[in-house]
Amino acid sequence: MEPLPTPASAYRRHSLDYSLRTSAGMPFGLRVSQLWGRRDVLRMFVSRGLKVKYASSVLGYAWSLIEPALFIGVYFVVFGRIFHTKIHHYPLFIATAILPWLWFNGTTQQALGALRANGRLITSISLPREIYPLSVVGEKFVEYLLSLPVIAAVAALYRVAPTRYLWAFPLAVLLELVLITGVALFIASMNTILRDIQRGIGVFLRMLFYLCPVLYPASKISNISLRHIYELNPLVGIFELDRAAFFAKDFGEWRAVYVSAIGCVLMLVIGWLTFSRLERTVLKEL
Amino acid sequence: MGDAITVNDIGIKFAINRRRRMELKNLFIRGAKETLGEGEFWALRDVSFSVGAGEAVGVIGRNGSGKSTLLRLIAGVLLPDEGSVEVHGGVGAMIELSAGFVGDLTARDNVYLISALHGFSREQTDAFFDEIVAWAGVERFVDTPVQHFSSGMKARLAFSIVTQMEEPILLVDEVLAVGDTAFRRKCADVIERMLAEGRTFLLVSHNENDLRRWCKRGIYLKNGSVVTDGPVDDVVDEYLADAQTLN
């Protein structure tokens, strides 16, 4: 038979690919470069996720604003009105931390199923597996950014201007992004082999919520050694930074931020390490 | 020409029951342990062979003999517990083709999505979009969410995307078993075109005729090991003879 013409350039590109698969898995550098090579797919998954989410509900994007606004309303009524919290501009106080909290909470919940929900795809098309949890991270990050007008709206309502610490806000976003990436990689791989996580996570997140300075300032914990333990939760430093943008005098010390930064990076390392160590097992489970 | 695929003493084990506690130890131990844990079995063990560039090889065996597992290891969607798989050249895997479809999205969106998963750029997909939609016979439904597609339509659309694959190594797992007679003939034409282009082929099939027609060499897998590796006619005959005695 006469060979049919093949796009020569494409053929040559593919014939340069080389891969070796062993039980030891891939070195970290190779993982990163492969992930970088398929960033178009990551972008595609993110927009697919958003498209599906916004297209399948009537209110679409409005939900990204309504949901945090409702949470602010509920906590304001319960803790501001019924329990008479004395915190000034309490709705704004809640808003500055509850949006970052909802971001963390939502990503964690959705990352649980990042691998399991895509089982058939993962075992039929070869892509860097990190793409699946990372696309949840990306999707939720975009949603978070789109929900930020809620904070601005509440601030405008109470006529509160941002403080000179406004720059702390992007820093908080960056730290939380690092933390969330680590958590997503960790939880997506762990949940594939240890399904108990799915059951326990709800209670865990609820506990964590009350262990974060969302409804109260971190300064409420006045015992200094207790405070240091409290600040080991990386979300504490992050939420303090978020809040500093509008409540400068509540921002106490940098210690919590340093601790948080270390915690976030550590979580990323642990998350990725867990993910790569469990990869072989996870693939068999899907 | 050199080898396109080299499989060295490969082994992979799976758990028989659903108890997973043992797996957590993988967190602390690098690599795999080469012994069987409790409730595990080797789905493939000590499998070695190589496929030369441009060779067409068929893998045959009963259900559960490890054929699909082998293909997935070569495709890189499973990782071995022992041994290694080396691949020289890009691999196009035709495994469970409709796995990537998102029911809520239109056929158009899905084509772009799945093409991207297979490594096509947006421009490439633009270039072949009309052609593959026509090939799959779904021109009228490009803006319909694929959840309203019949399974046959989905299978046709999925296969039409992979007909555009340019990878020099192709792995094909039973995907030809879908669709009606006319569609299967069209699929066969595509496979024959790809074979004529001199690509490396590894085909898993239960269809002896397909194997005899397209492959020169056959590998007979039984309970996770290679029983015979040789000319396809001999291998298929041996497999059929085995099947006879079992009946």
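Visitor: What is the mean pLDDT of chain B, and how many of its residues, as a percentage, reach 70 or more?

Guide: This is a predicted model, and the predictor's confidence in chain B averages a pLDDT of 87 on a scale from 0 to 100, with 91% of the residues of that chain reaching 70 or more. For the complex, the predictor gives an ipTM of 0.87 and a pTM of 0.90.

Visitor: What makes S3 and S8 of chain B a pair of strands?

Guide: Two strands pair if at least two bridges are found between them, and strand S3 (residues 56–60) is joined to strand S8 (residues 217–222) by 4 bridges, so the two count as a pair, and they run parallel. One of the positions concerned is B:Val59, whose bridge partner in S8(B) is B:Ile219.

Visitor: Why are S5 and S9 of chain B said to stand at the edges?

Guide: The open sheet of chain B has 6 strands in the order S5-S6-S7-S3-S8-S9, with mixed pairing. Strand S5 (91–94) and strand S9 (225–231) each have a single partner strand, so one side of each is left without a neighbour in the sheet. From one strand to the next, the twist averages 15 degrees.

Visitor: How do you know that S1 of chain A pairs with S4 of chain B?

Guide: The cut-off is at least two bridges, and S1(A) and strand S4 (residues 82–88) of chain B share 5 bridges, so they count as paired, in the antiparallel sense. Within this pairing, A:Ser19 stands opposite B:Val87 in S4(B).

Visitor: Which residues and elements of chain A make up the side that touches chain B?

Guide: In the contacts between the chains, 44 residues of chain A meet 43 residues of chain B. Among the elements that each supply at least two residues to the side of chain A are helix H1 (8–15), strand S1 (18–22) and helix H3 (39–55), while H13(A) gives the most, with 8 residues. By residue class, that side of chain A divides into 21 nonpolar, 13 polar and 10 charged.

Visitor: What makes B:Ile74 a residue to look at in the largest nonpolar core?

Guide: The largest nonpolar core has 143 residues, and B:Ile74 is listed with A:Ala184, B:Leu171 and B:Leu202 as having the most contacts inside it. Leaving aside neighbours within four places in sequence, B:Ile74 is in contact with B:Ile5, B:Val85, B:Val87, B:Leu171 and B:Leu202. Helix H9 (residues 168–193) of chain A gives the most to this core, with 13 residues.

Terms used. Residues are numbered from 1 along each chain as its sequence is written. Chains are lettered from A and ligands numbered from 1 in the order in which they are written. This is a predicted model: local features need pLDDT of at least 70, side-chain atom pairs count only at pLDDT 80 or more; totals for chains, interfaces and linings use all residues. Axes are lines fitted to C-alpha atoms, for helices over the stretch in contact, and angles run from 0 to 180 degrees between N-to-C directions. Two residues are in contact if their C-beta atoms, placed from the backbone, lie within 7 Å. Ala, Val, Leu, Ile, Met, Phe, Trp, Tyr, Cys and Pro count as nonpolar, Asp, Glu, Lys and Arg as charged, and the others, Gly among them, as polar. A nonpolar core is a set of buried Ala, Val, Leu, Ile, Met, Phe, Trp, Tyr and Cys residues joined through C-beta atoms within 7 Å. A residue is buried if 20 or more other C-beta atoms lie within 10 Å of its own, exposed if 12 or fewer, and partly exposed in between; C-beta atoms are placed from the backbone.
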